[in-house]
Amino acid sequence: MLQAAIAGFALGFSLILAIGAQNAFVLRQGLRGEHVLPVVLTCALSDAVLIVAGVAGFGVLVERFPAAVEIARWGGAAFLVVYGVMSFRAAWRGGEALATEGRERVPLAAALLTCLTLTWANPHVYLDTVVLLGGISAQYDPALAFGAGAVLSSFFFFFSLGFGARLLRPLFTSARAWQVLDVLVGLTMWAIAAKLVLA
């Protein structure tokens, strides 16, 4: 059981570690110190639902209805292009820094909606969690322990990223650092969108 849990944790962590739209958003919220707990919980719980679905055998369901993945692919790409434009626009405007007074705070509902969209409109999330983790879990006994390890890795990663971002805050008192981050986020969003469209 422990071996299955460790394998699930290791694989889940390796899949989620790659920089993506969801991770970039969590990092940004952590740097700004805005709604960090609700955001990381939303990401981790979403992953948990998808992992449990995969372990429970819903990976087969996704494979039988590829149209759903196709819709998610194009919808996710469109969202990422728009989000990338917003990041480039923020970089162009500049002037944002953590020390800036009177900065407009993003409403919780808007932050959670963005978080949910970046998570659930990304077909790679389904491939990684539902199909890949779900399929591999069948090789372990019990599969539930493998799934539990993968879920734990998701919680560990998102909480570390969201709350660990504060260690970088001194750097982001500079407006220039925010401009660089916004450009990197925009490029990341567009790269993922291109990958989705060209896949």
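How many helices and how many strands does the secondary structure of the protein chain come to? It comes to 8 helices and 0 strands, where helices (H or I, at least four residues) and strands (E, at least two) are DSSP runs numbered from the N terminus. This is a predicted model, in which local features need pLDDT of at least 70 and side-chain atom pairs count only at pLDDT 80 or more, while totals for chains, interfaces and linings use all residues. Residues are numbered from 1 along each chain as its sequence is written, and side-chain values use heavy atoms, with hydrogens and water left out.

**The chain as a whole**
- Read from the N terminus on, the elements of the protein chain run α-α-α-α-α-α-α-α.
- Of the 199 residues in the protein chain, 43% are buried, a term that means under 20% relative accessible area, with exposed meaning over 50% and partly exposed lying in between (1.4 Å probe, protein chains only).
- Among contacts (heavy atoms within 4.5 Å) between residues at least 6 apart in sequence, 89% join residues at least 24 apart.

**Helix H2**
- Helix H2 covers residues 21-32, and at 1.5 Å a residue its 12 residues should span 16 Å, which agrees with the 17 Å between its end C-alpha atoms; the expected span is 1.5 Å times one less than the number of residues.
- Because 12 of the 12 residues of H2 are buried, this helix is largely enclosed by the rest of the structure, and the buried residues include Phe 25, Leu 27 and Arg 28.
- Just after H2, Gly 33 takes a positive phi of about 70°.

**H2 against H5**
- The axes of H2 and helix H5 (residues 108-120) come within 8 Å and cross at roughly 155°, where axes are lines fitted to C-alpha atoms, for helices over the stretch in contact, and angles run from 0 to 180 degrees between N-to-C directions.
- That angle makes H2 roughly antiparallel to H5, since angles under 35 degrees count as roughly parallel, over 145 as roughly antiparallel, 65 to 115 as roughly perpendicular and the rest as oblique.
- Ala 21, Gln 22, Phe 25 and Gln 29 of H2 make the contact with Ala 111, Thr 114, Cys 115, Leu 118 and Thr 119 of H5.

**H6 against H7**
- The axes of helix H6 (residues 123-137) and helix H7 (residues 143-164) come within 9 Å and cross at roughly 140°, and the two helices are therefore oblique to each other.
- In this pair, Leu 133, Ile 136 and Ser 137 of H6 meet Ala 143, Phe 146 and Ala 150 of H7.
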